[in-house]
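Dear colleague,

I am handing over the structure below, together with an account of what was found in it. Please read the account with the structure open beside it.

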Amino acid sequence: MWFSKSTEEIIHELSVNPETGLSTAEAQARLEKYGQNKLKGKPKKSTLELFFAQLQDMLIYVLLGAAVITIAVGEWVDAIIILMVVFLNATIGVIQESKAEKAIEALEKMTTPRSLVRRDGEVREINSEDVVAGDIVILDAGRYVPADLRLIESANLQIEESALTGESLPTEKNAKDLHEDPKTPIGEKSNMAFMSTLATYGRGEGVVIATAMETEIGKIATILDEDIDSMTPLQKRLEELGKTLGYIAIAITVVMLVIALVQDRPLFEMFLTAISLAVAAIPEGLPAIVAIVLALGVTRMSRINAIVRKLPAVETLGSVNIICSDKTGTLTQNKMTVVKFYTAGNLTTVATEGRSFAAKNTDEKELIRSFVLCSDATYENGKSTGDPTEVALVVLAEKYDMERRKLHKEHKRVGEKPFDSDRKLMSTLNQDENGYRVHTKGALDNILKISSTALVDGKVVSLTEEMKQDYLKVAEKMSDDALRVLGAAFKDTNSIINPEEMEEDLTVVGLVGMIDPPRLEVKDSIAKAKGAGITPVMITGDHKNTAVAIAKELGIASSLEQSITGSEIDELSEEEFLRKIKNYRVFARVSPEHKVKIVKAFQFHGNIVSMTGDGVNDAPALKIADIGVAMGITGTDVSKGASDMILTDDNFTTIVHAIEEGRNIYNNIKKSVIFLLSCNLGEVVAIFLAVLFNWPLPLLATQILWINLITDSFPAIALGIDPGDKDVMSKEPRKPKDSFFAHGAGQRAIIGGILIGILTLVAFYFGLAEFGYSLNSKDIPEHVITNARTMAFVVLAGAQLFFSFSMRSMHKSVFRIGLFSNMYLVGAVILGFILQLGVITIPALSNAFKVQNLSLYDWGLVMLCSIVPFIVNEVSKSFMKESEI
């Protein structure tokens, strides 16, 4: 707790003389002992390691087992097709994962290249990587802090710490301050300076108390570098589904071997049949189809200014029910803005948009003029430099047609008394029409102490106690509204005076109230999110009153009781905090560790949490959240590297649009999954019943693979890009524990699958019956079996293609939705039939798949069988409970 120790204690503990600094020898010894001052990340996995990691999946194990068996029995075509599927899925996984976390690399770039240190009694510029604990570092305006420092000297020092605290206003530093509270937030440690923050004003000296991974930035890097074993809801569903299907495939194989022994069937034949069933049970194209659907979703989302870095994040958005948002720059505009100003008896509210306003009277003109002439900031063509508070004052003048450049040219500055954190005042001496005028700005109570008169209706009058109370009451009311208050005063002189004489017998002009205002469009977006069952939460490093005021205006919170500070969180036990977390909507004065704790607490209650932010301080929480959303414009490289999604317009509204898109994408993926499982169940039913009753196999493994990889895939992809449900944001978020089969989807898959399987066997039976054979006949000629299998093959494919239309909605008829409202699906079905016709009629393909052309009568029969599952499904919708997939 360096911030609670005096400078003498610090110097003694670190064994350094601040007058001379460390010796070169001592610095080198410490460098060798503790290492360089740079952030470290864990070793990255090689491409080969990433590839083999993709193979650790139950579905893949079963497919590889099937490939080994097919190679053993000489079925090379089957083996090649299976291995191609495995290779394709693994390659897609590697490509996605090779876009690995860039957070640590971005943090490493933030360490500054050169620093000023005192060594051997001299001030030297060295590489920041060579800075060691005990080094005396010199800071001045414009220089980055190379390591964590305990300040030992400071003169009007201000440091911009938004990278750590999220707040845009520079923090005033004072080396003499001591903080006894061990839980003092980072933003209030006024005697400390932290790595990668920027000195914006004044000068100072500090002794290095932490370097590299021991710094506050380093602690964030450590959190970012931890392996977080968390999967999105979709990944969990697919993993569970893969395991289930894998166990089913193994169970089926075992059952078949038992049946083979009972029926005394040839073992070699049963191996081939087992492979057919294993292939039928597993939707080989599912991982690739899900990846394709997600990739298409990513493309769609990029058009609404949301760049998705990790594909599964698309579907995670659909189940988000808590949005934890940083305040500064995300909910607010990240620029201080004057919203009110007061002169004697007149309170004016300033519109946030527009310019060329007219001042009501002389008092208002003098107030604005004093603020501008007593500021060093600039603002031209929408670009600004300087302290954000002063920029706000210059922008105010622009709105009232009082340009900063013109005022400074007409009233040249000839003297000044710089801002001092003890006085909390700044004064300048400028040329005026009849001599010179002192302009002073700063804390209102301090201005009132050194003023004897006030400007009222353009006249200077005596400042009475009653008038003082009026000013203070207005200032207090502004403070209650979370506005930052600044007062202004002036004094006329006939000659140039010394700085010591400037702040005496002043004339009070008035005061302004400023705030970082909310984004105009955010309020509507928050209302829309709440209507969709999503709870918005503000997490900020700002003061509680300011945060609550913004939260009330936006509709996030309704009272102060719904807020809590970081220090108050520390006072609660973990159990208490977990229990009370639901009561809070605003978390103020929090550290990076608090943000992670808050996200985890919401997740503990089963919530799917989105965290938005733009600073380094947000990065750990962005990573730990179910979906981290970084700002593309104001966001640091670190926050982008730790995020799942980046908003290119830094607009909270885009998050709500992205959630809407995510919900529709998940619904579409679910349609694809249920469709594919229905199809695969149909294949399993057809094969299993044939084995159970000792009938000839109606389908071969290669025919099943063709349907699974080619015929089914295009309709599945088309379902994945189905037009979204317009009412999706009027429903509650999807429950994370809901399976793919919730709300009747499982029934739909089973009914459809059984129908497809039975009709495939019916077609197979008719194919045999044409030549006088039955399912129980022995020694059936090869050409008869080929004809029957061709009919079964076409019915299986055709039934699945027609069935895909019915899968667009579980309770709405496809004719009500519009048969042609998804032209991709129409095209996919037509393509499927063309491919099926090609396999049967092109000699090379028909020989490879062991099928033959059909007669016109057979085509009529198979088409009739194919459309039955679609008709049954559409009719049954009128009896199903209304619950959209």
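The notes that follow begin with the chain as a whole and then turn to individual elements and residues.

This is a predicted model, in which local features need pLDDT of at least 70 and side-chain atom pairs count only at pLDDT 80 or more, whereas totals for chains, interfaces and linings use all residues. Residues are numbered from 1 along each chain as its sequence is written, and side-chain values use heavy atoms, with hydrogens and water left out.

**The chain as a whole**

The protein chain contains 35 helices and 26 strands; these are DSSP runs numbered from the N terminus, helices being H or I with at least four residues and strands E with at least two. Of its 885 residues, 56% count as buried. Here buried means under 20% relative accessible area, exposed means over 50%, and partly exposed is in between (1.4 Å probe, protein chains only). Among contacts with a separation of 6 or more, 72% are between residues 24 or more positions apart, a contact being heavy atoms within 4.5 Å. The accessible surface of the protein chain is about 36,800 Å², and carbon and sulfur atoms hold 57% of that surface. Accessible areas come from the Shrake-Rupley method with a 1.4 Å probe, and for residues only the protein chains shown count as cover.

Strand β24 (residues 609–613) has five of its five residues buried. Val609, Met611 and Gly613 lie on one side and Ser610 and Thr612 on the other, and both faces are covered. In a regular strand the side chains alternate between the two faces of the sheet.

β24 is joined to strand β9 (residues 322–326) by four bridges, and the two run parallel; two strands pair if DSSP finds at least two bridges between them. Ile323 is opposite Ser610 of β24. Strand β25 (residues 627–631) also pairs with β24 in the parallel sense, over four bridges, and Ala630 in β25 is the bridge partner of Gly613.

**Helix α24**

Helix α24 (residues 592–604) has 13 residues, which at 1.5 Å a residue should span 18 Å; its end C-alpha atoms are 19 Å apart, which agrees. The expected span is 1.5 Å times one less than the number of residues. The buried residues of α24 include Pro592, His594, Lys595 and Phe602. Just after this helix, Gly606 takes a positive phi of about 85 degrees.

Asn668 is in helix α27 (residues 652–692) and counts as buried because its relative accessibility is 2%. Leaving aside residues up to four places away in sequence, Asn668 touches Leu719, Gly720, Ile721 and Asp722.

Ala763 belongs to helix α30 (residues 745–769) and is buried, with a relative accessible area of 1%. With residues up to four places away in sequence again left aside, Ala763 touches Ala788, Met791, Ala792 and Val795. The C-alpha atoms of Ala763 and Cys865 are 7.3 Å apart, although 102 residues separate them along the chain.

**Salt bridges**

The structure holds 30 salt bridges, each defined as a side-chain nitrogen of Lys or Arg within 4 Å of a carboxyl oxygen of Asp or Glu.

- Arg405 and Glu380 meet through their side chains in a salt bridge (2.8 Å, N to O). Arg405 is in helix α16 (residues 404–410) and Glu380 in strand β12 (residues 378–380), 25 residues apart. Arg405 is exposed at 54% relative accessible area, whereas Glu380 is partly exposed at 38%.
- Glu390 and Lys441 form a salt bridge (2.8 Å, N to O). Glu390 is in helix α15 (residues 388–399) and Lys441 in strand β16 (residues 435–442), so the pair ties together parts that are 51 residues apart in sequence. Both Glu390 and Lys441 are buried.
- Lys528 forms a salt bridge with Glu660, with 3.4 Å between the closest N and O atoms. This pair links helix α20 (residues 522–531), which holds Lys528, to helix α27, which holds Glu660, across 132 residues. Lys528 is partly exposed, with a relative accessible area of 36%.

With kind regards
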